[in-house]
Amino acid sequence: MSFWRRGFAQPGLHVSAGFLEIGWFAASLSYASVGAFMNWCSPVLPRLQRADSELPLSASAGSWVASGPLLTAAAAVLAVPLFFDRVGRRSALLATAAPLAAGFAWLAAARAAWELLAARSLLSVAAAAVVSVLPAYLAEVSADARRGAALACCQLLHTLGGLVTLCLGAWLPYRAYCWALLAMPALFFATFVWMPESPYYLLMQGRKEAAATSLRRLRGRSDVSAELVQAETTLAQQCAALPRGGAGVLASLRHLATHRADWRTLLLAVGFSVLSSATGMAAVLSYSGDIMARAGDSLLSADASAALLGAVQVGASCASAAAVDKLGRRPLSLISFAGCALSLFAEGGYFYFMDVARADVSALHWLPLAALVVYVVAYTMGIGTLVWTVSAEMFSVPVKGVSMSVVTLTYSLSMFAVTKLFQDVADAAGVHTLFWGFAACAVVGFWYVYLLIPETKGKSLLGISTELSAKLSA
């Protein structure tokens, strides 16, 4: 068995009780690179669009550099299921380090706008794979009581990567900024390469002893028989409905097409992901510098405001990790959508009175930054994390690869639409129209969660699957 497939795990190896938490961090470092990819535009696009830029970009070209790669991600994610169940969760994640590093290096060496677009498209392919695979890996390696915290760790590292990117972009020359981002995929590979494969994946491959070894490393104890039996029972019940001949993409697709509960679960997750992205976070991250520049006399400069928003994201991610397994998924999602709606409505109101009503808003110069801070906190503490937490928990293991890819596909397409339309709608109809549209989507999202999304806190993967099957098969 190769090192690539098994890591450094050996039977009988003593592992400290904190190994699982270290594993969450190591795996989620891949998400830091995704955060860097998502935030890359904010500090550099305004600089590249200046007349004295070393790599001149028009506003139209800049909008494509910001949004076009999200379309590439949507196409790339269709290939993820081919690797998800074939090479395993761990190997699929490790394989993303190379395109992530190559993408940042290409950005650093780019001499033309098309190279920026191509480099970010390469990054988007790796980001799509990370977003599809990482939540599934963390859900499968974590104990039921800690699963929410594990998945919240994704968002924490995502926001931390974004904050580092915003700070580096604000104060480093362009090429030094891009070269510095190479440290993220390098650190991810160097730390995650020591982690074991998902025990659920190993059981799907008939490798029971390897699954037991993986669980021993993850739990830091030698007796994992009860949890191993539970995992086997979960897989046996969930795989029983698959067509004979087994697993694989085609079998999973046939299963989804013929089993009402599973495709309805997929529709629930897709709706949640689309409404989450439709609140506009991708556009806010990409254009935060431009938004604060449009706001005029704000409390801070555009670069400092963007860095502050990044720092707020990190703090909110820490709070989310602490709260998600205590408050539950539904309450956090409802609070999150409500907070997004109120803050986005206030942000839109400021720009309406400034740009349309031509009112004196100097007394409210603090409002644009304050409203965005509230929005970032509300989004990051709730739906920014939970869109992946809920999806990873609701899908049964045999169809999780295909289902997570479909969710990522729709999420990427909706983010592309939101980001691409930002510049055009802002110029044609005003920034206030955008923010009020985002606020309306947040209101719809609130009622969507209230009426349709179940609570999954503290439940086993089998328990969640059984409950949803009974509820959605009717």
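**Basis.** I worked from a predicted model, in which local features need pLDDT of at least 70, side-chain atom pairs count only at pLDDT 80 or more, and totals for chains, interfaces and linings use all residues. Residues are numbered from 1 along each chain as its sequence is written, and side-chain values use heavy atoms, with hydrogens and water left out.

**Helix α19.** I took helices as DSSP runs (H or I, at least four residues), numbered from the N terminus. Helix α19 covers residues 329-356, 28 residues in total, and reaches 39 Å from its first C-alpha to its last. That is close to the 40 Å expected at 1.5 Å a residue, where the expected span is 1.5 Å times one less than the number of residues.

Most residues other than glycine have a negative phi.

Val361 lies in the loop between α19 and α20 (367-381), and counts as buried at 12% relative accessibility. Leaving aside neighbours within four places in sequence, I found Val361 in contact (heavy atoms within 4.5 Å) with Tyr350, Phe353 and Met354. Val361 and Tyr350 are eleven residues apart in sequence and 7.5 Å apart in space, C-alpha to C-alpha.

**Aromatic pairs.** I recorded 16 aromatic pairs in the structure. Rings of Phe, Tyr and Trp (its six-membered ring) pair if their centres lie within 6.5 Å; planes under 30 degrees apart count as stacked, over 60 as edge-to-face and the rest as tilted. Phe351 and Phe435 form a stacked pair, 6.0 Å centre to centre with 10° between the planes. This pair links distant parts of the chain, with Phe351 in helix α19 and Phe435 in helix α23, 84 residues apart. Phe351 is buried, with a relative accessible area of 0%, and Phe435 counts as buried at 0% relative accessibility.

Trp447 and Tyr450 form an edge-to-face pair, 5.6 Å centre to centre with 85° between the planes. Because they are three residues apart in helix α23, Trp447 and Tyr450 are separated by about one helical turn. Trp447 is partly exposed at 47% relative accessible area, and Tyr450 counts as partly exposed at 45%.

Key. Helix = DSSP H or I, 4+ residues; strand = E, 2+ residues; numbered from the N terminus. Buried < 20%, exposed > 50% of the residue type's maximum accessible area, 1.4 Å probe, protein only.
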